[in-house]
Amino acid sequence: MIYTMKKGLIILLAGAGLSLNAQVADEGYPISPVPFTAVKVTDHFWGQRLKASREVTIPLAFSKCEETGRYTNFVKAANPSAEYKVEGYSFDDTDVYKTIEGASYLLQTYPDKKMVNYIDSILTLVEAAQEADGYLYTARTMNPDHPHEWAGSKRWEKVEDLSHEFYNLGHLIEGAIAHYQATKDKKFLNIAIRYADCVCREIGDEPGKQVRVPGHQIAEMALAKLYLVTKDKKYLNLAKFFLDKRGYTERRDEYSQAHKPLLEQDEAVGHAVRAAYMYSGMADVAALTGDTGYVRAIDAIWDNVVTKKLYITGGIGATNQGEAFGKNYELPNMSAYCETCAAIGNVYWNYRLFLLHGESKYYDVLERTLYNGLISGVSLDGGGFFYPNPLESIGQHQRQPWFGCACCPSNICRFIPSVPGYIYAVHDKDVYVNLYMSNTSEIDVKGKALKLIQTTEYPWNGNVKIDIASRGSQEFTLKLRVPGWVKGDVVPSDLYRYADQKKLSYSVKVNGTPVDGAIDKGYFIIDRKWKKGDRVEIHFDMEPRVVKAHPNVEADRGKVSVERGPIVYCAEWPDNDFSVLSAFMNRKPEFSVIDKPDVLSGIKELETDAQTLGYDEKGRLFTKDVKLTLIPYYAWAHRGAGEMAVWLPMDLSAGRPTMPPTVTTNAKITGSHLGSAVSSINDGLLPKDENDRSVPYYHVWPKEGTTEWLAYEFEKTEEVSFTSVFWYDDGPWGGCRVPESWTIYYKDSTGAWKPVENQGSYKTVKGQPNEVSFTPVTTKALKLEFKSAPKYASGLFEWLVE
């Protein structure tokens, strides 16, 4: 490890080597996880990810915590002053806790004294910021008279809204437990316990206490974990209290899953990250208390997601309006939100449901999320991050080095190092093999150590070897998960189906001899007395498959996606010298699998014959035969901005022909308020109706009631006489409305702007093109000036000029 000193703190710059993590076993579950310290990954695929996390992601997160004042907030809270201006977000403290959590996971297998000292120096700041009664919330403590604008005038006043006091508690506990397990040092754990005790004293049904629930959930699952570590049931009771009271307090809305009591809920709604964390907490409480009402409720909600609200990538959350679940079957592609944090929450949730029920279907969803919609959220080098993870793009989506609201990067910090802990689980003498990746492990099976060595090139092929390396003999039942994609199930529902006629198979051998085992809850069972040197060989057929969505998924109607094993593929611009959005799949596609060890950290490309559709300059439709190359979805957006699509047309009704160039195709766009989405005004994509948010749009929010302008500067002098504007209006809830008025100007030969001579009025109709014909002008530039309605901003999908 390489370190330096900065501002009195030891700051991590880079690291080397590979490290894993450990976690307290959820012994209250019917099935127990294998401790993270018992597994060491030797896998190329995941080894690369873990190395990037150790060398880049976590050092970057620590440096950002200092650079953006996260550490300074704790220093200020230890020395409060009315002079401090409380800035940033009310949950900025959690970035520190999450990064320490991820770094602690790395320490559990590869101890590093310098890293331990660095973390300890940060914990000294955190400890000093804690108030005498345990309350820890720098957004208030640094300036109690003028706290953060979201904090409220007193404790818990806005905890159901935006203060995030309980959210901070949740991440504090999660980080503290990881640090305790890694170092056996209780410094961080004691800080977390003091804050948890503070909340226990002040929140509850008893006289003198307040009835409050978290605005942003996570405290529920964290408190359940704290109960398992301390054996103090008050923490489990508080977790259940938070769930029991949801829907009964002042806050009652779908956004925060508080629209009705939890036991009455059967549909996933609202903010997807909050929901996934809450559903994980519900699974915790169901298992640890035996409350069958929570079991029924969480099973019903899970069924709703996998049958109607799950993306093919395992992502959840369809819309940026509230970063939320959409309606049933509402799964748009280009505007898909699929927040990285929501994917992580989806893994947590399905993991807990497996531990509760022991069925492989939960791991089928977990694996799909893990290999696609989750790791797409971080670049291969560990230094770039997606907040949303769309399934289609025209180049407007690129990973960023960090975010002001840094929940996704810091969540990646803590999640990637935890992956080894998801491979195995145990129950009595049953040993579950849930994920396939090369590793060595030492598992406690009924008090006796079982050493396993797993060797595989999964997810690139389906061959797996598991060697028994324990001394002596041992009787146990090996339960091998047979992935749903092998059995012909895309997901555990009819939301997606394989549209080809392929039938994949699998085989299992023990010491070279084929074995027939029973299948129980999706697991191939081998029950025998094992000895050192025994070898299990598994083969899963792995071929490219064509997938269709349920016909109710409008966005995917007439389209197909392609996957191989657990990997979902996409078409991206660098591999194809044509518009991938105009690509048209053959009815019976055949694929070549091409090994590309030097591309995108090593991938398997897929290649198939296809066609493109387009209009020529006379408006005639034409086709062109092409070779279409597909790459793993997780690896897109590493080679510059451009087109990408997961779902590709197979039916003519879903085709998107390329259009001939127009006068605006290569025009330079200027304006009074430019943003990253301004290119959408001439991308040729129109919404199907006034409520369609699936195509890109431009807006000037938060500038309200102002007069703004956009202009096209043409490559050469053009004669134009027609324009059409499709205004963006997200009423009644959003902040954009059609403008009060608009005007078109052209630039004359002297460079002055003059209004065109209209042959019709300037309309401002929502949900349709607003067309204006005018006396032809010869010009090098055209300007669109618009005046926003009072208290609202304006926006537009498309500005066409002819």
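Which element gives the largest share of the lining of the second largest pocket? The legends below start with that pocket. This is a predicted model, in which local features need pLDDT of at least 70, side-chain atom pairs count only at pLDDT 80 or more, and totals for chains, interfaces and linings use all residues. Residues are numbered from 1 along each chain as its sequence is written, and side-chain values use heavy atoms, with hydrogens and water left out.

**View A. Lining of the second largest pocket.** The largest share of the lining, three residues, comes from α10. A pocket is an open set of points on a 1 Å grid over the protein atoms alone, where a 1.4 Å probe fits, with protein on both sides within 12 Å along at least five of seven lines; lining residues have an atom within 4 Å of a point. This pocket holds about 340 Å³ of space, a volume being the space filled by probe spheres set on the points. Its lining has 22 residues, of which F91, H164, H271, E323 and C405 lie nearest the centre. The elements giving two or more residues to the lining are α10 (272–289) and α14 (407–415); helices (H or I, at least four residues) and strands (E, at least two) are DSSP runs, numbered from the N terminus. By class, twelve lining residues are nonpolar, five polar and five charged. Ala, Val, Leu, Ile, Met, Phe, Trp, Tyr, Cys and Pro count as nonpolar, Asp, Glu, Lys and Arg as charged, and the others, Gly among them, as polar.

**View B. The largest nonpolar core.** A nonpolar core is a set of buried Ala, Val, Leu, Ile, Met, Phe, Trp, Tyr and Cys residues joined through side-chain atoms within 4.5 Å; buried means under 20% relative accessible area with a 1.4 Å probe, protein chains only. Of the 223 residues in this core, M282, F415, L480, Y496 and V536 touch the most other members. The largest share of the core, 13 residues, comes from α10.

View C. Three bridges join β4 to β8 (residues 439–445), and K40 stands opposite T440 in β8.

**View D. Surroundings of D730.** D730 lies in the loop between β29 (707–728) and β30 (741–747). At 12% relative accessibility, D730 counts as buried. D730 touches R693, G735, C736 and R737, not counting residues up to four places away in sequence; contact means heavy atoms within 4.5 Å.

Technical notes: Buried means under 20% relative accessible area, exposed over 50%, partly exposed in between (1.4 Å probe, protein chains only). Two strands pair if DSSP finds at least two bridges between them.
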